[in-house]
Amino acid sequence: MASTGPPQSLKRSDTSLTREGDQLIITPLGAGNEFNCGIHPAYSGMAALPYFDEIDPSTIDVLLVTHFHLDHAASLPYLLEKTTFKGRVFMTHATKAIYKLLLSDYVKVSKFQLKICYMMNKTFFAPWIKLSSVIDFHQTLEVNGIRFWCYTAGHVLGAAMFMVDIAGVRFSPDICIIESTYGVQLHQPRNVREKRFTDVIHSTISLGGHVLIPAFALGRAQELLLILDEYWSNHPELHNIPIYYASPLAKRCMVVYQTYINSMNERIRNQLANSNAFDFKHISPLNSIENFNDVGPSVVMASPSGLQSGLSRQLFEMWFSDKKNACYTWVHYISFSAHADFAQTSTFLKELMPPNIIPVHGEANEMGRLKQKLITQFAYRNTNYFPKELSVG
């Protein structure tokens, strides 16, 4: 059953159809107290999977995919193929489009051994990706008495936060499961970070140096490329300086970003009247180090972000092992993380006013600090925090 009527409010409803004695049991399946279906990047083989043995997959009616990141969704093929799960899977249109490409790339480059790569191959996941259902933002669906709809979550293209209604109890905001990646930390204002980013690049280029920007292939990479392309357009003196993005996966996914412009912010949508923001005027793809004409200053955004392999590692070794470049070598850290800081988290919770808060997606001490500061800030509220034993170490 689907409804495309007006979007529901995020405010908590006072009506409840619950019966005395009803229980809502929440079981984290991943590290950081997460409720995910991903793969742990620090482990390999079966050890990288969530704790599927903590649940009976045959009893699951619905699996909701919030976004395409592999640490949250990469073990979905395993759950569907190798367990007793017979439920339905839902994700947004953009998430499904990128997830298929991302998972295909992961299988190709992964060093996974044991049983996982055997079943996560193109011939396997091609059929089930077609069977995964899509949901539009603000569309209401119902499966076996479970009603759910989703809102834009920011984070990455297609990311959604789901409102789940089971017998009148809503996971949010009756229960708000919220990330705590940055705990009580605060980000610099966005305009300050963008100016630092472009100032560093401009000054390095002016000195004849190279700029290497290690980045994930999807998400922040596209955001930073938009900043660079706009900055280059506004500075004619830079038009002869090349910008490259060195990620075959990012190149394949660019068409998805060009397609789902209406899922982006108002400024990007309004620009569509004149041109698609992702049809870059000053940025070109770089397929391999062999195709790179390394003459003069340049800017290259390359994956992986950790410099452990691939084009980013090759460029790092090529540029920073050359003594001639020593005077032009600096390392700058400017965060454009898609995760919320304390100001954003507390503002969100103040708006929702949930009676129950579950911090997830964070290191234990950061989750403990977040819990303590929220208790102080919202002392006037009767709010429960789970797990109860969460504290600062």
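Mentor: Let us begin with a definition: Ala, Val, Leu, Ile, Met, Phe, Trp, Tyr, Cys and Pro count as nonpolar, Asp, Glu, Lys and Arg as charged, and the others as polar. Please keep in mind that the model is a predicted one.

Trainee: How do the residues that line the second largest cavity divide into nonpolar, polar and charged?

Mentor: The lining has nine nonpolar residues, two polar and no charged. Among the lining residues are Phe 216, Tyr 245, Met 301, Ser 247 and Ser 303.

Trainee: What makes S11 and S13 a pair?

Mentor: At least two bridges between two strands are needed. S11 and S13, residues 298-302, have four bridges and run in the parallel sense, so they pair. Tyr 245 stands opposite Met 301 of S13. S11 also pairs with S12, residues 283-285, in the parallel sense over three bridges, and there Ile 243 has Ile 283 as its bridge partner.

Trainee: Which way do the residues of S11 point?

Mentor: Ile 243 and Tyr 245 point one way, Tyr 244 and Ala 246 the other, and all are buried.

Trainee: Why are S2 and S4 called edge strands?

Mentor: The open sheet has the order S2-S3-S4, with parallel pairing. S2 and S4 each pair on one side only, and they are the edge strands.

Trainee: Why is the pair of Phe 52 and Tyr 78 called stacked?

Mentor: Their ring centres are 6.2 Å apart and their planes stand at 5°. Centres within 6.5 Å make a pair, and planes under 30 degrees apart count as stacked, so the name applies. Phe 52 lies in the loop between S1 and S2 and Tyr 78 in helix H2, so the pair ties together parts that are 26 residues apart in sequence.

Trainee: What makes the pair of Tyr 257 and Phe 278 tilted?

Mentor: The centres of these rings are 5.5 Å apart and the planes are at 50°. Stacked needs under 30 degrees and edge-to-face over 60, so the pair falls among the rest, which count as tilted. Tyr 257 is buried, and so is Phe 278.

Trainee: How do you know that Lys 373 sits over the ring of Phe 342?

Mentor: The charged end of Lys 373 is 4.7 Å from the ring centre, and the distance limit is within 6 Å.

Terms used:
Residues are numbered from 1 along each chain as its sequence is written. This is a predicted model: local features need pLDDT of at least 70, side-chain atom pairs count only at pLDDT 80 or more; totals for chains, interfaces and linings use all residues. Side-chain values use heavy atoms; hydrogens and water are left out. Buried means under 20% relative accessible area, exposed over 50%, partly exposed in between (1.4 Å probe, protein chains only). Helices (H or I, at least four residues) and strands (E, at least two) are DSSP runs, numbered from the N terminus. On a 1 Å grid over the protein atoms alone, a cavity is a set of points where a 1.4 Å probe fits but cannot get out, and a pocket is an open set with protein on both sides within 12 Å along at least five of seven lines; lining residues have an atom within 4 Å of a point. Rings of Phe, Tyr and Trp (its six-membered ring) pair if their centres lie within 6.5 Å; planes under 30 degrees apart count as stacked, over 60 as edge-to-face and the rest as tilted. A charge sits over a ring if NZ of Lys or CZ of Arg is within 6 Å of the ring centre and within 35 degrees of the ring normal.
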